[in-house]
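Colleague: I would like to learn how to read a model of this kind. Please take me through a few features.

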Amino acid sequence: MGVLHGSSVLYYAKGLQIKDVVAIAKGLAADRGMATPTIDVDCSNVCFKVGKNVQHLANFLMRWSDPGLCITPVCDNTIRPISKQATNKRKA
């Protein structure tokens, strides 16, 4: 599922803290009958933002999983898929 004008999300989400996002995710998960909210994370995008270092990536993912989210890293191969939807088939 994509987000219309997704590249602008950071602009509109400015000021939110991790605890705010976790509360929103837990509310959405409860509405859908999920025990734990699950978020798929594109590791390529995260590395671009936090640095191309495994430790930085792991710290970022743990920072989001510590408050109770299930974080699923998604790793694309050296050849990116035509559609980002194809990325969901390569969950770690």
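Colleague: How many disulfides does the count come to?

Modeller: First, the ground rules. This is a predicted model, in which local features need pLDDT of at least 70 and side-chain atom pairs count only at pLDDT 80 or more, while totals for chains, interfaces and linings use all residues. Residues are numbered from 1 along each chain as its sequence is written, and side-chain values use heavy atoms, with hydrogens and water left out. Now the idea: a disulfide is a covalent bond between the sulfur atoms of two cysteines. Here the rule asks for a pair of cysteine sulfur atoms within 2.5 Å, and the count comes to zero disulfides.

Colleague: Is Cys47 buried or exposed?

Modeller: Buried means under 20% relative accessible area, exposed means over 50%, and partly exposed is in between (1.4 Å probe, protein chains only). Cys47 has 18%, so Cys47 is buried. Cys75, with 42%, counts as partly exposed.

Colleague: Which residues make up the largest nonpolar core?

Modeller: In soluble globular proteins, nonpolar side chains tend to be buried together. A nonpolar core here is a set of buried Ala, Val, Leu, Ile, Met, Phe, Trp, Tyr and Cys residues joined through side-chain atoms within 4.5 Å. The largest one has 12 residues, among them Cys43, Val46, Cys47, Leu57, Phe60 and Trp64. At least two residues come from each of helices H2 (18–31), H3 and H4, and H4 supplies the largest share, four residues. Helices are DSSP runs (H or I, at least four residues), numbered from the N terminus.

Colleague: At what angle do H3 and H4 pack?

Modeller: Axes are lines fitted to C-alpha atoms over the stretch in contact, and angles run from 0 to 180 degrees between N-to-C directions. H3 (residues 43–50) and H4 (residues 54–65) pack at about 110 degrees, with axes 10 Å apart. That makes H3 roughly perpendicular to H4, a label for 65 to 115 degrees.

Colleague: Which residues of H3 and H4 meet?

Modeller: Contact means heavy atoms within 4.5 Å. From H3, Cys43, Val46, Cys47 and Val50 meet His56, Leu57 and Phe60 of H4.

Colleague: What does Val50 contact?

Modeller: Setting aside neighbours within four places in sequence, Val50 is in contact with His56, Leu57 and Phe60. The C-alpha atoms of Val50 and Phe60 are separated by 7.8 Å. Val50 is partly exposed, at 28% relative accessible area.

Methods:
Angles under 35 degrees count as roughly parallel, over 145 as roughly antiparallel, 65 to 115 as roughly perpendicular and the rest as oblique.
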